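Subject: The model we talked about

Hi,

Here is the structure I promised to pass on. Could you open it alongside this note and follow the residues as you read?

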Amino acid sequence: MNIQNEMKLSFSAKSVNESFVRTAISGFLMYLDPTISELTEIKTALSEAVTNCILHGYGREDGTVYIEAKVTDKNKVIIKIRDKGCGIKSVEEAMEPLFTTGGQEQAGLGFTVMQNFMDKVSVRSKEGKGTVVTMEKSIVRRGKNEKP
């Protein structure tokens, strides 16, 4: 598997930046000619991961969210979302549907949404050090066959 294209972003852990990330990933992936459904699923999963960094990783503290996106020669999109926040005490528990540490205003479905919309989701976390979420999704090319 060879990397054909990649990008890196970092931004302040503020909710107002969520729309920026959705727009950035859309622009980055457009040459793959994804369906609206594929693009919406990726953007939604990315939004969930970024929201987790902002709300749960940093809480009310200042911080930075880091994103790396790659596209392989097999049209697989690999996105890593990383924070240097508080980390997750139990990844297994956090990935259970309806589990949340965010109180009643949070549904606890972030990881469930990511898993349903992406082909693969993995989470690594260390308390006090931060969390890395890696998501993968293959895009079926329908028109443009050129490489970047």
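One term first: a polar contact here is a pair of N or O atoms within 3.5 Å, where, within protein, one atom must be able to donate a hydrogen and the other to accept it, and residues adjacent in sequence count only if both atoms are side-chain atoms. An example is Asp83, whose side chain reaches the backbone nitrogen of Gly85 at 2.8 Å.

Please keep in mind that this is a predicted model, in which local features need pLDDT of at least 70, side-chain atom pairs count only at pLDDT 80 or more, and totals for chains, interfaces and linings use all residues. Residues are numbered from 1 along each chain as its sequence is written, and side-chain values use heavy atoms, with hydrogens and water left out.

**The overall layout**

The chain has four helices and five strands; these are DSSP runs numbered from the N terminus, with helices being H or I of at least four residues and strands being E of at least two. In sequence order the pattern reads β-α-α-β-β-α-α-β-β. Of the chain's 148 residues, 42% count as buried, where buried means under 20% relative accessible area, exposed means over 50% and partly exposed lies in between (1.4 Å probe, protein chains only). Taking contacts (heavy atoms within 4.5 Å), 65% of those between residues at least 6 apart in sequence join residues at least 24 apart.

**How the strands pair**

Two strands count as paired if DSSP finds at least two bridges between them. Strand β2 (residues 64-72) runs antiparallel to strand β3 (residues 76-83), with seven bridges between them.

As for burial, β5 is mostly covered, with eight of its nine residues buried.

**Asp83**

Asp83 belongs to strand β3. Val65 stands opposite Asp83, and in β5 the bridge partner of Asp83 is Thr131. Which residues does Asp83 contact, leaving aside its neighbours within four places in sequence? They are Cys53, Gly57, Tyr58, Thr64, Lys129, Gly130 and Thr131.

Asp83 is buried yet has no salt bridge, and the nearest side chain of opposite charge, Arg82, is 8.2 Å away. For charges, Lys and Arg count as positive and Asp and Glu as negative, while His and the chain ends are not counted. A salt bridge is a side-chain nitrogen of Lys or Arg within 4 Å of a carboxyl oxygen of Asp or Glu.

**The salt bridges**

How many salt bridges does a search of the whole structure find? It finds two. One is between the side chains of Glu41 and Lys137, at 2.8 Å from N to O. Glu41 is in helix α2 and Lys137 in strand β5, so this pair ties together parts that are 96 residues apart in sequence. Glu41 is partly exposed at 22% relative accessible area, whereas Lys137 is buried at 8%.

Lys76 and Glu136 also form a salt bridge, with their closest N and O atoms 3.4 Å apart. Because Lys76 lies in strand β3 and Glu136 in strand β5, the pair links parts that are 60 residues apart in sequence. Lys76 is partly exposed at 24%, and Glu136 counts as buried at 16%.

**Leu32 and the cysteines**

Leu32 is in the loop between α1 (18-29) and α2 (36-58) and is buried, with a relative accessible area of 0%. Beyond its neighbours within four places in sequence, Leu32 contacts Val71, Asn75, Val77, Ile139 and Arg141. Leu32 and Val71 are 39 residues apart in sequence and 9.2 Å apart from C-alpha to C-alpha.

Finally, the structure holds zero disulfides, taking a disulfide as a pair of cysteine sulfur atoms within 2.5 Å. Cys53 is buried at 4% relative accessible area, while Cys86 is partly exposed at 42%.

Best wishes
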